[in-house]
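Reader: I have a structure to look at and would like to talk it through. Could we begin with the aromatic rings?
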Amino acid sequence: MSSTRTMGIEVTDVSTTQRLPLGFEYTEPADNTNDYGERTWIYVYNDSGSGIAANIAVMKKTAQSEYRVILASTGAPPQRIVGVAQHAVADVSYGFVLKRGVGTATADATVTADLALITDGSTAGNVSHAAAITNAGIGSTLAGRSGSGTLSVYLDCRG
């Protein structure tokens with residue numbers, strides 16, 4: 001029996017009813033169909049006042065001990081970044097975001113491969129890269145891209 005069936009919901013499920021404790025982490029086992037390795041998802045409540053689109057970074061809401069998340073602010077400290085949504089999570093809804101592992105994120109500018117991943121300095125929820133960064137990233141870029149759009153990333157969020 002798969003672990004997803006054991007917890008009762010899929011990582012893509014979004015609901016206005018809480019079905020797991022906030023902050024619950026689910027580690028998806030490595031799968032030979034994509035060879036991504038394990039991926040860790042965290043169950044959160046979208047308290048942002050709007051929906052969170054796929055591939056957008058989220059952070060803990062200010063002064064909340066619970067896993068209530070909002071769109072990641074520009075230049076947000078990495079310690080507040082919870083993960084990156086891999087599917088849309090409606091406002092005032094519960095769902096999973098990817099905390100650790102291979103996924104996709106949105107960037108609004110050219111991004112270089114194999115550099116530290118950080119929150120973007122100009123667009124909330126987007127990511128960027130940094131060439132010289134020490135202990136402040138939320139992962140790394142796996143592929144570069146020119147201009148805006150989604151890119152492959154390895155996430156390692158702390159929030």
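Author: Rings of Phe, Tyr and Trp (its six-membered ring) pair if their centres lie within 6.5 Å; planes under 30 degrees apart count as stacked, over 60 as edge-to-face and the rest as tilted. By this rule there are three aromatic pairs. Please note that this is a predicted model, in which local features need pLDDT of at least 70 and side-chain atom pairs count only at pLDDT 80 or more, while totals for chains, interfaces and linings use all residues. Residues are numbered from 1 along each chain as its sequence is written, and side-chain values use heavy atoms, with hydrogens and water left out.

Reader: Why is the pair of Tyr43 and Tyr94 stacked?
Author: The ring centres of Tyr43 and Tyr94 are 6.1 Å apart and their planes are at 15°, so the pair is stacked. The pair links distant parts of the chain, with Tyr43 in strand E2 and Tyr94 in strand E6, 51 residues apart. Strands (E, at least two residues) are DSSP runs, numbered from the N terminus.

Reader: Is Tyr43 buried or exposed?
Author: Tyr43 counts as buried, at 1% relative accessibility. Tyr94 also counts as buried, at 14%. Buried means under 20% relative accessible area, exposed over 50%, and partly exposed in between (1.4 Å probe, protein chains only).

Reader: Which residues do ring pairs link into a cluster?
Author: The cluster consists of Tyr43, Tyr45, Tyr94 and Phe96.

Reader: Now the core. How many residues does the largest nonpolar core have?
Author: The largest nonpolar core has 28 residues, and those with the most contacts inside it are Met7, Ile81, Phe96, Val127 and Leu155. Such a core is a set of buried Ala, Val, Leu, Ile, Met, Phe, Trp, Tyr and Cys residues joined through side-chain atoms within 4.5 Å.

Reader: Which strand gives the largest share of this core?
Author: Strand E6 does, with five residues.

Reader: What is Met7 in contact with?
Author: Leaving aside neighbours within four places in sequence, Met7 is in contact with Leu20, Phe24, Tyr26 and Phe96. Contact means heavy atoms within 4.5 Å.

Reader: And where does Val127 lie?
Author: Val127 lies in strand E8, residues 127–130, and is buried, with a relative accessible area of 1%. Beyond its neighbours within four places in sequence, Val127 has contacts that include Ala105, Leu117, Ile138 and Leu151. Val127 and Ile138 are eleven residues apart in sequence and 9.3 Å apart in space, C-alpha to C-alpha.

Definitions and conventions
Helices (H or I, at least four residues) and strands (E, at least two) are DSSP runs, numbered from the N terminus.
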